[in-house]
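This report describes one structure for a reader who is new to the subject. Please look at the sequence and the model first, then read on.

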Amino acid sequence: MTTGTIDPEATTDDRVPVTVLTGFLGSGKTTMVNYVLREQHGKRIAVIENEFGEIGIDDALVLDAEEEIFEMNNGCICCTVRGDLIRILGNLLRRRDRFDHILIETTGLADPAPVAQTFFVDDELAARVRLDAIVTLVDAKHVVAHLDEVKPDGVENEAVEQVAFADRLVLTKTDLVDDDTVRSVVERLRSINAVADITTATKGVVDLDAVLDVGAFDLERAIDLDPAFLTDTDHQHDETVTSVGIEVTGELDGPKLNEWLGHLLSTKGVDIFRSKGILAIAGEDVRHVFQGVHMLFDSEPGQPWAPEEQRTSRMVFIGRNLDRHELTTSLQACLA
Amino acid sequence: MSTTRSLELTPRWSTAFEDYLTVARFGPDGSRLAAGSLSGEAALLDAETGHRSALAPHEMGVLDLSWSGDGHLAVGGQDNTVRLYAAGSLQPVTLELDRWVTSVAWSPSAPQVAVAYGRSLGVARVDGSSALSFDDHPSTVEAVGWSIDGTRVGAACYGGLHWYQPAEPEATGRVFAWKGSMLSLDVAPGGRWVASGCQDASVHVWRLWSGEDLQMAGYPTKITELAWDPTGRYLAVANPDEITLWDFAGKGPQGTTPLTLAGHEGSIHCLAYCPRTGLLASGGADGLVAVWQPPKRSGPVAAFDHDAEVVSLQWHPDGGALVTGCADGTVRVLDATAH
Ligand SMILES: [Zn+2]
């Protein structure tokens, strides 16, 4: 399903923000959830988790969900959603009780795609909640072993997926390793996901702004890219999961761009986990902002260009088998 | 079917529940109705006066209720229970289950009720004795329903509609398959067809019992509201702010263009045909209840504005009134007077 649904209500945003918390068993998710609930004085938070943890906070509602993943697009393996979330959140949002934030904790081995895609696919949910960020907790001591684990053919390495999907990576248990290890872990995470912010947590204590109201799915947010990342050629056409950032100067032809992106995501969407872009379209006074998870994407108008401003477009792809050269020349071919 | 020139909707009474009114349904003789809300309140309401008799609450909310033809009532909720009230009784038999009760439906031919809970479809007798349970569906069962003669019971879930014969529980069930999450199950009066709305924005109508699948795809969003007219010829589909009407006469609707009924300014949440007059009522996010007379006219013949989203709707069995339920918890009976 390659759909670009633009919800007019989405721009006047009183929708409830949703944070998706992923991370392997032992990465400290439950500790983090407890910390967030304890520190969020006066905020009503609903937590949806797959197994009841030890949470007992007055202002929080904890709901147990049994993960139900189903395919949406006549059996396409990447177009999956969480049916249980549609039902549970649907009921929650109908209530008179209003929540300030919804926290969804996934199981350790969960692929974040079905959770994220649920918010793209179900219009009823999309009108009431907005995906704020996918936050992945990474255990500094064990993550490299998980990332290096060789899986049988066709089986995804879930740790790699969780890092690739993240908008925010939170390093935990940094007190158990030395600084050199932390540096090499960060470098390894960067090689997979070059755009997620990385922060650290000690014993579950993290800057709350780093996990709540991140606004990573806020399409207005600029994509801040390290210039070096735009020219990095280390990982050309690589079977491992990497990030590719592209920048082109000038205006893009709308129809050409639509055709290319539509084709790219419908044919390569299984391999492209995340895509983001801020685009200059010919004849438009405003930026166009773009977000995709596998084959599903949204785009909408963003901030206006200043009158004399140099028009540039930036795109980021995170996935497998990414060919920087091909992606770059394809985007350049869309120039007006 | 009578020919209605114009119809007036006037409020008879209204009463407030504490939260989102999930469902309100008249009993078979029309003297009372049952209603439940996400606050967990459930009650019987006198159709004339609105006088309320409380039923046992369902903590975290009532999700569905159903009346049998002889006045038994089943109420299911998010507290993992279904309560069965034998006709005339306010003392329920409570069945404790292990999942939310998402849908309940009485058999048209015997005093037994189908109950959707988690991935299971259970069948229970009115005294609460459990007759059967069909488990391990591919996903949570979203809706249950019976064939016209009551010999088969169906479950809508991911992957299609699963059918069973309660009288022969060992017999292999049938599956009307579709790789999508089915959200409803509506057997047409007359029993020729079963319709189901899908999360993937398509409607599937299977011919009973050949299993031939007619599909109506290309809707903007998931299909939650369907209604058959009382003759079983027309299927009304709400999506999102318009109603499309498919004609199943002759070879069926494939390749035909449906009639469109437009007038709502927001998503349509509920549809109900009047079994007596054939009039169609719709309620939506815009607070409007509109009454239509398809296929004769494409504009509404009557309308009534509510202060909140209309989320539940049903005709009185005599066709002279409607009950509406709103997102703010209001239950209202509207007199429908023809001129
Ligand atoms: Zn796909």
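B:Tyr117 has B:Ser120 as its bridge partner in β12(B). The strands concerned are β11 (residues 112–117) and β12 (residues 120–125) of chain B, which run antiparallel and are joined by six bridges. Helices (H or I, at least four residues) and strands (E, at least two) are DSSP runs, numbered from the N terminus. Two strands pair if DSSP finds at least two bridges between them.

This is a predicted model, in which local features need pLDDT of at least 70 and side-chain atom pairs count only at pLDDT 80 or more, while totals for chains, interfaces and linings use all residues. Residues are numbered from 1 along each chain as its sequence is written, chains are lettered from A and ligands numbered from 1 in the order in which they are written, and side-chain values use heavy atoms, with hydrogens and water left out.

**Two sheets of chain B**

β11(B) and β12(B) belong to an open sheet of four strands, in the order β10-β11-β12-β13 (chain B), with antiparallel pairing. Its edge strands, β10 (101–106) and β13 (130–134) of chain B, each pair on one side only. On average, neighbouring strands in this sheet are turned by 20 degrees against each other, direction ignored. For such angles, axes are lines fitted to C-alpha atoms (for helices over the stretch in contact), and the angles run from 0 to 180 degrees between N-to-C directions.

Another open sheet has three strands in the order β14-β15-β16 (chain B), and its pairing is antiparallel. Here the edge strands are β14 (143–146) and β16 (174–181) of chain B, each pairing on one side only. The twist from one strand to the next averages 30 degrees. Five bridges join β15 (residues 153–164) of chain B to β16(B), and the two run antiparallel. B:Gly160 has B:Ala177 in β16(B) as its bridge partner.

**Where the chains meet**

In the interface, 21 residues of chain A are in contact (heavy atoms within 4.5 Å) with 26 residues of chain B. The two chains bury about 2,100 Å² between them, 45% of it on carbon and sulfur atoms. Buried area is the accessible area (1.4 Å probe) that two parts lose on being put together, summed over both. In chain A, A:Arg87, A:Arg95 and A:Arg96 lose the most area to chain B, together 27% of what that side buries.

The rule finds 16 residue pairs in polar contact across this interface, both residues at pLDDT 80 or more. A polar contact is a pair of N or O atoms within 3.5 Å; within protein, one must be able to donate a hydrogen and the other to accept it, and residues adjacent in sequence count only if both atoms are side-chain atoms. On the side of chain A that touches chain B, the elements giving two or more residues are β4 (69–71), α2 (83–94) and α4 (123–128) of chain A. Among these, α2(A) gives the most, with five residues.

**Salt bridges**

Side chains of opposite charge can pair when their charged atoms come close. A salt bridge is a side-chain nitrogen of Lys or Arg within 4 Å of a carboxyl oxygen of Asp or Glu. Two examples follow.

| Residue | Partner | N to O distance |
|---|---|---|
| B:Glu142 | A:Arg87 | 3.1 Å |
| A:Asp148 | A:Arg188 | 2.7 Å |

**Backbone exceptions**

Most residues other than glycine have a negative phi, and most peptide bonds are trans. A cis peptide bond joins B:Leu208 and B:Trp209, with omega about 0 degrees. B:Trp209 lies in the loop between β19 (203–207) and β20 (213–216) of chain B. A:Asp213 is not a glycine, yet has a positive phi of about 50 degrees.
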